[in-house]
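Please keep the structure open as you read.

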Amino acid sequence: TEAIGLYNLGQSCCLNSLLQVFLMNIHFTRILRRITVPSSPAQRRSNVPYQMLLLLEKMQCGKCKAVGPTELAYCLSEHRVELFVQHDAAQLFLTLWNLLKKQMKKPELVKELRDLYAICIQEHVACQKCSFEVKSKSTMLTLPLPVLDANSHRLKTLEDCLQYFFHPEELTGQNMCFCQQCGKKTTFLQSMKLVHLPQTLTLHLKRFCFERSSRTHKLSHSLPFPQELDLRQVLTESQCQADDSEKATWQYELFAVVAHSGSASCGHYCAYIRSLTDCKWYCFNDSEVCQVSWDDVKCTYGRSNLYWRETAYLLFYMKKHPQ
């Protein structure tokens, strides 16, 4: 029942942090425990869900303070996930999720995995000269939230970032689109509308940005995020494409934070996770696990003058009242 750490295999802090977020989510482990075990040893070695299940059992049955995710790491390397390199947590999270979805053979488990994490968005593109409009639905694993606006001004809170992400954008000048009705390029209004939110909502704070020198720069300014998030209070009616019963479930509680310390080129990840069994916060820093307070988690808000300090990079919120 105790929280167990994961040994760093060599620049595996990003993988370790994401594995802890997956395996501390009891909704995910309920799916994982029902997978079909591959028949041959070779298939078992290369099956990500199975290797993740073995790691979970190793963590729960062992008497050590930490275990090594060696077999899972080598399994991932067979699927072109490089070892001993620095990964981006948002990209690696998507890679892990896609491998899990691809290798879960039971359709009902794939559906449950999608229901647990997938966000449904409807994109609207409308000509401002006539009535021509195109609507298309898409599925996202994370909401990639800018932390700066179009004028490079800092957004001050997580709620500001969410509102900015769903704010309509006018496509003018070089960004104009061809209108089939007008028969020429015209100004379009592009907007995103929220259709469906999953049990576990993942928000990606885009703290790494490209400068003109083509170097990646880390944005470390303070960006507070709440313990409780009600999307009905944050977004306007026009930014939602959902009925009242769907929106009634859009109340969330913070479950985990994957934080990054260091610079864009050299850094370290750890995870702060609220246990769903005892409701206490823990910091998972590779093999070291300790109980922390909400004030400790708030230290990941960031500060402009401390580039090397921890700043939240991925936020995981969990529904308070799922359907």
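Contact here means heavy atoms within 4.5 Å. Helices (H or I, at least four residues) are DSSP runs, numbered from the N terminus. This is a predicted model, in which local features need pLDDT of at least 70 and side-chain atom pairs count only at pLDDT 80 or more, while totals for chains, interfaces and linings use all residues. Residues are numbered from 1 along each chain as its sequence is written, and side-chain values use heavy atoms, with hydrogens and water left out.

**Helix 1 with helix 4**
- In helix 1, L19, Q20 and L23 touch M52, L55, L56 and M59 of helix 4.
- This contact holds 6 nonpolar residues, 1 polar and no charged (Ala, Val, Leu, Ile, Met, Phe, Trp, Tyr, Cys and Pro count as nonpolar, Asp, Glu, Lys and Arg as charged, and the others, Gly among them, as polar).
- The axes of helix 1 and helix 4 (residues 48-61) come within 11 Å and cross at roughly 80°; axes are lines fitted to C-alpha atoms over the stretch in contact, and angles run from 0 to 180 degrees between N-to-C directions.
- Helix 1 and helix 4 are therefore roughly perpendicular (angles under 35 degrees count as roughly parallel, over 145 as roughly antiparallel, 65 to 115 as roughly perpendicular and the rest as oblique).

**Helix 1 with helix 6**
- Helix 1 (residues 13-23) packs against helix 6 (residues 89-103) at about 55°, with the axes 10 Å apart.
- Helix 1 and helix 6 are therefore oblique to each other.
- On the helix 1 side, C14, L15, L18 and F22 meet A89, L92, F93, L96 and L100 of helix 6.
- The residues of this contact are 9 nonpolar, with no polar and no charged ones.

**Helix 4 with helix 6**
- An angle of about 110° separates helix 4 and helix 6, whose axes are 8 Å apart.
- That makes helix 4 roughly perpendicular to helix 6.
- V48, P49 and M52 from helix 4 meet L99, L100 and Q103 from helix 6.
- By class, this contact has 5 nonpolar residues, 1 polar and no charged.

**Domain 1 with domain 2**
- An automatic or database domain assignment divides the protein into domain 1 (1-118) and domain 2 (140-167 + 199-322).
- The contact takes 32 residues from domain 1 and 31 residues from domain 2.
- The C-alpha centres of the two domains lie 22 Å apart.
- About 2500 Å² is buried between them, with carbon and sulfur atoms giving 67%; buried area is the accessible area (1.4 Å probe) that two parts lose on being put together, summed over both.
- V21, M24 and Q86 lose the most area on the domain 1 side, together 22% of what that side buries.

Conventions: Helix = DSSP H or I, 4+ residues; strand = E, 2+ residues; numbered from the N terminus.
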